[in-house]
Amino acid sequence: MASLCLNSLPVPPSSLPRKPTETSLSSYPSLLLHNNNNNLSDLKPIVVSGDPPTFVSAPGRRILAVGDLHGDLKQARSALEMAGVLSSDGQDLWTGGETVLVQLGDILDRGEDEIAILSLLRSLDKQAKAKGGAVFQVNGNHETMNVEGDFRYVDSGGFDECNDFLEYINGSEDNWEETFTAWVDVSERWKEDRTMSKSYWGPWNLLERQKGVIARSILFRPGGLLARELARHAVVLKVNDWVFCHGGLLPHHVAYGLERMNKEVSEWMRGQHEDDNIHKMPFIATRGYDSVVWNRLYSRDTLDLVDYQDKQVCSILDETLQAVGAKAMVVGHTPQTIGVNCKYNCSIWRVDVGMSSGVLNSRPEVLEIIDDKARVIRCKRDRHSELQAAAYT
C-alpha cells in the first residue's frame, strides 16, 4: 500500500445528469436559512429540504466534517477551534461565519460529557444560522443504541451527567432550547459540585448508578427529551454534491429512499409509534451489519474484507454515488489509525480518528471541503499540518 501527501485533492466529477430525481431539492418542502448580517458576502442562502434535514444546498460554502466525538468535550472543542469555527476564549462562540459544519455521529458513549457536546452543537447551530452558516449532525450507531436502551458502552460519568442534567432541567424555568443550549456552560460546575458532595461515593455507589441508569432511560427512550433532540437529525445527509453518513450508504439504501429512512428513524426516536406493541425501529437504517449506521464496508482496510474484493467495494461505492447523484461520501464509525484519509479515487473519506480519550485519544483532525477540493486540517504542531495522506492499493 503506497501513500501520497497532497495539499488538496480534487473529487471525481459525478456522472449523473442534474435532473429532477428523488434527490432534487425541488421535490421537497424547503427551509431557507437567511443570514441577518448585512456585512456578509453575497452568497445565496442555504436551502434545507426534508424533516429531518436530508438535502442541503449551500452554494459557495466551506464545508467541514468532524468524526466521532464519544463524550470528550475537550477534544471536541479542540477540533472545532482548530477548524476555525469555535472561539478559543472559552466563550463557545461561533467563529465560522458562513461555514457549514457536519458532525458524523457517535457523540454518545465512552465519555462523560455527551450531553454537553450535544448542547454545544445546538448552540453553535443557532449562532451559525445568524451568520449565514449552519451546523448539522447525523446520528450514528451509538445514538440509536441509546434510544433502543442499549447502555453497554456508557461511561460511568455519562450516567452521572444524565442524573445531573435531569435535575437541572427539572429546576429550570426557561424553555427547552434555552435550557438545553445553556447546559454546556453549567455542566462543569454540576460535575464539580457532584464530586465534592458528601452524598457522592463515586462509581461504586450502586444507588447513584441506578439513579443514573433511570435518568438515562427517561432521557433517551423513544419520546424522551434527548431522544427527541436526536430526532432532529438525519442518518443520511446530502450537502451539495457530498453525502454524509455514519457508517456507509449502499445502493439498496438509496432505493429505499433517503428521506424515507430519515423520517422513519426520526419518528421512532420521537416515540410516535408508542401505541404499537413494538416500536417501529427502522431496521434498514439502524440494525444489521449493512445498515446505514453500522456498515463498515468502506472503512476497513482491504485485508480485513472477507466477503468482498477491493474492486467489488469500489463498484458498490460508484453505484451508490451514481444513484444518489453525489461526487463523494464522508463516513465515520471506524477509527482510522493513520488519520483522516480517502480511498477509491477519493470517492470515500473516512474521518473517525478516534480522538476521544475513551477510544484512541488521538489528535483531532477535520476534513475541509471547498468547491471540488478537500484537505485535512491537523494540529499545527504536526509538521504534516493540512496535508492529506491518501492510501492507494
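Start by selecting strand β8, residues 134–137. Both of its faces are covered: A134 and F136 are buried on one side, V135 and Q137 on the other. Here "buried" means under 20% relative accessible area, "exposed" means over 50%, and "partly exposed" is anything in between, using a 1.4 Å probe and protein chains only. In a regular strand the side chains alternate between the two faces of the sheet. Strands (E, at least two residues) and helices (H or I, at least four) are DSSP runs, numbered from the N terminus.

A quick word on what you're looking at: this is a predicted model, where local features need pLDDT of at least 70 and side-chain atom pairs count only at pLDDT 80 or more, while totals for chains, interfaces and linings use all residues. Residues are numbered from 1 along each chain as its sequence is written, and side-chain values use heavy atoms, with hydrogens and water left out.

Click on V100 and look across to β8, where its bridge partner is A134. Then show helix α2, residues 114–130: β7, α2 and β8 make a right-handed β-α-β unit. To check the hand, point the strands away from you; right-handed means the path from the first strand over the helix to the second runs clockwise.

While you're there, pick R110 in the loop between β7 and α2. R110 isn't a glycine, yet its phi is positive, about 70 degrees. R110 is partly exposed, at 32% relative accessible area.

Next stop: the aromatics. Select F165, Y168, W176, F180, W183 and W190, which form one aromatic cluster. Rings of Phe, Tyr and Trp (its six-membered ring) pair if their centres lie within 6.5 Å; planes under 30 degrees apart are stacked, over 60 edge-to-face, and the rest tilted. How many aromatic pairs does that rule give? The count comes to nine.

Zoom in on F165 and W183: their ring centres are 5.3 Å apart and the planes sit at 75 degrees, so this pair is edge-to-face. F165 is in helix α4 (residues 156–170) and W183 in helix α5 (residues 176–196), so the pair ties together parts 18 residues apart in sequence. F165 and W183 are buried. Y168 pairs with W183 as well, with centres 4.9 Å apart and planes at 45 degrees, so that one is tilted. Y168 in α4 and W183 in α5 are 15 residues apart.

Now select R216. Its charged end sits over the ring of F151, 5.7 Å from the centre, and R216 also lies over the face of F159, at 5.9 Å from the ring centre. The test is that NZ of Lys or CZ of Arg is within 6 Å of the ring centre and within 35 degrees of the ring normal.

The cut-off is a pair of cysteine sulfur atoms within 2.5 Å, and the count comes to one disulfide. C342 is buried at 1% relative accessibility, and C346 at 2%.

D51 and P52 are joined by a cis peptide bond, with omega about 5 degrees; P52 is in the loop between β4 (46–49) and β5 (55–57). Finish at N361, in the loop between β13 (348–350) and β14 (366–370), where a residue other than glycine has a positive phi, near 55 degrees.

Key: Two strands pair if DSSP finds at least two bridges between them.
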